[in-house]
Amino acid sequence: MGKFQARQELRQLRAGFSQPYPKHVKCMGSSVESKNHSVRQSADKNALSFSRRDVGLIAFSTLVIAEPSCAGPLDALKNLKRDSNARFLLGTLRVSKERLLSVQELALGNMPDYKKAREALGPATLDCVAPSAGLALYSNVRDVCTYSIVFRSVTQGPAAQHALESAQYIEAKSSLSDLLTKLRQIDSYLEGGELGEEDAQAKLQLAFPSAVGLLDRFDRAVQSCMGYTQDPLPEA
């Protein structure tokens with residue numbers, strides 16, 4: 001469904017950009033065929049006279065030649081759409097990271113509150129460890145984990161820039177799997193802390209930084225799947 005929608009949007013964009021160009025101008029690789037102007041020679045003097053239409057055509061042809069490619073406007077819109085998707089998808093991951101760091105403070109502070117930390121872990125991980133009450137029933141028939149939704153969007157949906165089983169796809173899948181495994185470990189350690197397990201604190205001190213690092217790795221993998229070589233949302 002996602003790829004069909006992307007093709008439909010691409011057709012609309014192409015149709016929109018096919019209208020402004022006059023029929024007598026060909027735009028392939030920035031080449032322009034100009035109409036040969038008729039030259040009228042006066043009986044009294046030799047002079048070249050151009051109609052207003054011809055003058056306008058010369059001016060327009062100059063502008064077209066200056067454009068590097070007819071695909072420029074279409075590429076620009078595609079890049080704008082990609083940047084918009086990046087702000088939404090990557091922005092979601094950045095918010096999750098901030099929340100996860102807040103959970104870490106609850107669990108590793110001077111007075112650890114494992115119960116509160118565990119309650120906050122579900123929202124921080126965007127329903128990937130413990131689905132919210134509104135999604136609990138739905139999660140029995142469908143994956144509601146937002147990380148997984150982001151993964152599918154950049155590997156199979158409109159935001160995908162690479163084929164399935166590409167190096168980018170494999171890295172995104174691997175980083176997601178490692179991230180989810182680590183977050184489930186944290187949930188288990190927090191439960192152990194609630195039950196009074198003595199080694200819970202030591203385990204959490206190692207697990208939280210590891211989880212944050214894995215979330216950063218998944219973030220970079222998502223960027224790569226979208227075709228970015230640099231972070232499109234650099235921190236201020």
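**Exercise 1. Is the crossing of α6 and α8 left-handed or right-handed?**

Ground rules come first. This is a predicted model, where local features need pLDDT of at least 70, side-chain atom pairs count only at pLDDT 80 or more, and totals for chains, interfaces and linings use all residues. Residues are numbered from 1 along each chain as its sequence is written, and side-chain values use heavy atoms, leaving out hydrogens and water.

*Solution.* 
- Locate the helices: α6 covers residues 146–155 and α8 covers residues 200–225. Helices here are DSSP runs (H or I, at least four residues), numbered from the N terminus.
- Take the geometry: the angle is about 25°, and the axes lie 9 Å apart. Axes are lines fitted to C-alpha atoms over the stretch in contact; angles run from 0 to 180 degrees between N-to-C directions.
- Classify: α6 and α8 are therefore roughly parallel (under 35 degrees).
- Assign the hand: the crossing is left-handed, meaning the near helix is turned anticlockwise from the far one by less than a right angle.

**Exercise 2. Describe the disulfide that joins cysteine 128 to cysteine 145.**

*Solution.* 
- Apply the cut-off: a disulfide is a pair of cysteine sulfur atoms within 2.5 Å. Here S to S is 1.9 Å.
- Count: the rule gives 1 disulfide.
- Find the hand: the S-S torsion is about 85°, so the disulfide is right-handed.

Methods:
Helix = DSSP H or I, 4+ residues; strand = E, 2+ residues; numbered from the N terminus. Parallel < 35°, antiparallel > 145°, perpendicular 65-115°, else oblique.
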